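Hi everyone, thanks for coming.

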Amino acid sequence: MSNYHIKNLEEYFQIYRKSVRNPELFWEEIAEEHFVWRKRWNNILSWDFEKPEVKWFEGAQLNITENCIDRHLTKYSDKTAILFEPNSVDEPAQHITYKQLYAQVNKMSNVLKLQGVKKGDRVCIYLPMIPELAYAVLACARIGAIHSVVFAGFSSTALATRINDCDASVVITADGSYRGAKSIDLKSIVDEALNDCPGVKSVLVAERTGGKMNLVSDRDHLLAPLMKGASEECAIEVMDAEDPLFILYTSGSTGKPKGMVHSCAGYMVYTAYTFKNIFQYREDDVYWCTADIGWITGHSYILYGPLANGATTVMFEGVPSYPDYGRFWEVVEKHKITQFYTAPTAIRALAKEPLELVEKYDLSSLKVLGSVGEPINEEAWHWYNNNVGKKESPIVDTWWQTETGGIMISPIPYSTPTKPTFATLPFIGVQPALMDENGKEIKGNQVEGRLCIKFPWPSIARTIWGNHERYRETYFSAYKNMYFTGDGASRDAVGYYRITGRVDDVIIVSGHNLGTAPIEDAINEHQGVAESAIVGFPHDIKGNALFGYVILKEEANSRDQDELRIEINRLISEKIGPIAKLDKIVFVPGLPKTRSGKIMRRILRKIASNDVSNLGDVSTLLNPDVVEQIRKIVGV
Ligand code: PRX
């Protein structure tokens, strides 16, 4: 039996038991047998969730790109590493082999070095889904710079916040990006952001859309000529196991985004191992994850996990609706995709379109279907299973987070019997616990509680950049000696987990985490706004949509409300990005508050969801009358 590749349920249980009984021994075997190390570890694991501190493979030295690229050159030199599928159907796909990837990453590494980037420096990457994005990420990893990829749909303000938070000295961007029929001028967004980022010394610009752009002399450099002149050889920087590999920002329920820091060795081992098993990747498979590399899913399961296994991984620049809603299936047929990994929001959007758009393509190459980012509802699950998988490709509903680095709860396809809406069983080495509100673990089955993890796994985020106290407070203070996920979950009669959703003020809209506080802060900057509160409400396609309750200042009360709504959404787009725009905005005279001044969001959520049958006792509120007034305005 190989511990590396799980082939049936019995093996899963055996390996799981082993991984929990003696995690150190288990992960040591995996690390030893499947990766290239420059120096062996002295200590496999040390941890303390009180501090909190977690270290895996301490003393070891490595470089993740040696594992993702160099070591494959003997066997897979001409194998496609990255299959780039452009936005336009008229532009041919690019098959980038491992040998070519090696050359391009080395060139980019040399370009970065020429800009003065050294080990430990932060590089912000704000690029569309084009090959340069992959080269940039891997080049940073190769020279030991810490990459911070910012999703290229974020606004200039959001970009500036992220650049400044980690004090990035270099930004890698493009002139523009294609999104379906539209193109977006990325360079101007960067220019605007950089007005507030004095620490940025140089900007490297890839040319994609060919639009006009402004190049600031001494600061901005076109990437292509620099790449052309750079050498195809660049030695790896030898990294310590616990050196930071990257920062990736995620929304919190309060304040500014959290820069989650992942470190080299544990992240590599865990993403590679989960990838191999959860997607059952085999030698000639063509794997496609539709996420953007700006999110953790893209980091772990477009780049690092697949490349560490010598896989062929697809990078798709476009959107599911362009040129029509059959695009995903056209790509599956064209490249004979074997594993397809997407988000429930995409599935729901596609399920609304005529079935011919799926049926006209040959999807028989598919072996595994994945889902990630939010709970998948039963209807979407069945649509995916019936029409895409034709009931023959198991669906892996994978639960995890930016903070966990890799997949934590998921079926192993062809081993774990699937159950709609259930992420099923913990992955190898993962020890979940359900907790009650008094901090006690809820044992047994057919129970529901708050989802925690009891024991460290190799790819747990090590800190929040520049704010270890916030890291402790957010994840380790709610329950003693536990990592708290922020999610609720239930466990059924056989021990399968079902994620019920966030229990904090994070709302997942179309699979994107949005904290209520940053959106409220953005709204409150409007001159006419006195106060606001955001809640989520169910939405057919997005899963959740945002509902804003806004109190206007006296002087704005006479203004046209539709105009105000447009202005508020424009402000949110500018401060955060279009993904955070509100679906509904109502103007209210007050917000329901407790005597200590806390907004009772539970009541606002119920009103927004048109579910006012059980509002609970409102008499203890500071202002109970406001509930009736709000109900009248909303019309429920
Ligand atoms: O609430 C859970 C939800 O997404 C959150 C993590 O979001 P993010 O850090 O952006 O990472 C998304 C991609 C890994 C979780 O706390 N979530 C993620 N996957 C699932 C899910 N909820 C239910 N089922 C899932 N499969």
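I'll start with the ligand and then move on to the domains. One thing to keep in mind: this is a predicted model.

Okay, the ligand. There are 18 residues around it, and the ones that come nearest are Asp397, Thr398, Thr402, Asp487 and Arg502. If you sort the shell by type, you get 7 nonpolar, 6 polar and 5 charged residues. As for where they sit, helix 11 (296–308), strand 20 (395–398) and strand 25 (497–502) each give the shell at least two residues.

Now some individual contacts. On the backbone side, Gly373 has an N or O atom 3.1 Å from a nitrogen atom of the ligand, and Pro375 has a backbone N or O atom 3.4 Å from a ligand nitrogen. Asn513 uses its side chain instead: an N or O atom there is 3.2 Å from an oxygen atom of the ligand. And how much of the ligand's accessible area does the protein cover? On its own the ligand has 540 Å², and the protein covers 95% of that.

Domain 1 is made of 2–430 plus 457–476, and domain 2 runs 521–634. Their centres, taken over C-alpha atoms, are 35 Å apart. Where they touch, domain 1 brings 12 residues and domain 2 brings 11. About 820 Å² gets buried between the two, with 54% of that from carbon and sulfur atoms. On the domain 1 side, Ser155, Arg348 and Lys352 supply 41% of the area buried against domain 2, more than any other three residues.

That's my tour, happy to take questions.

Definitions and conventions
Residues are numbered from 1 along each chain as its sequence is written. This is a predicted model: local features need pLDDT of at least 70, side-chain atom pairs count only at pLDDT 80 or more; totals for chains, interfaces and linings use all residues. Side-chain values use heavy atoms; hydrogens and water are left out. A residue is near a molecule or strand if one of its heavy atoms lies within 4 Å of it. A polar contact is a pair of N or O atoms within 3.5 Å; within protein, one must be able to donate a hydrogen and the other to accept it, and residues adjacent in sequence count only if both atoms are side-chain atoms. Accessible areas come from the Shrake-Rupley method with a 1.4 Å probe; for residues, only the protein chains shown count as cover. Helices (H or I, at least four residues) and strands (E, at least two) are DSSP runs, numbered from the N terminus. Ala, Val, Leu, Ile, Met, Phe, Trp, Tyr, Cys and Pro count as nonpolar, Asp, Glu, Lys and Arg as charged, and the others, Gly among them, as polar. Domain bounds come from an automatic or database domain assignment. Contact means heavy atoms within 4.5 Å. Buried area is the accessible area (1.4 Å probe) that two parts lose on being put together, summed over both.
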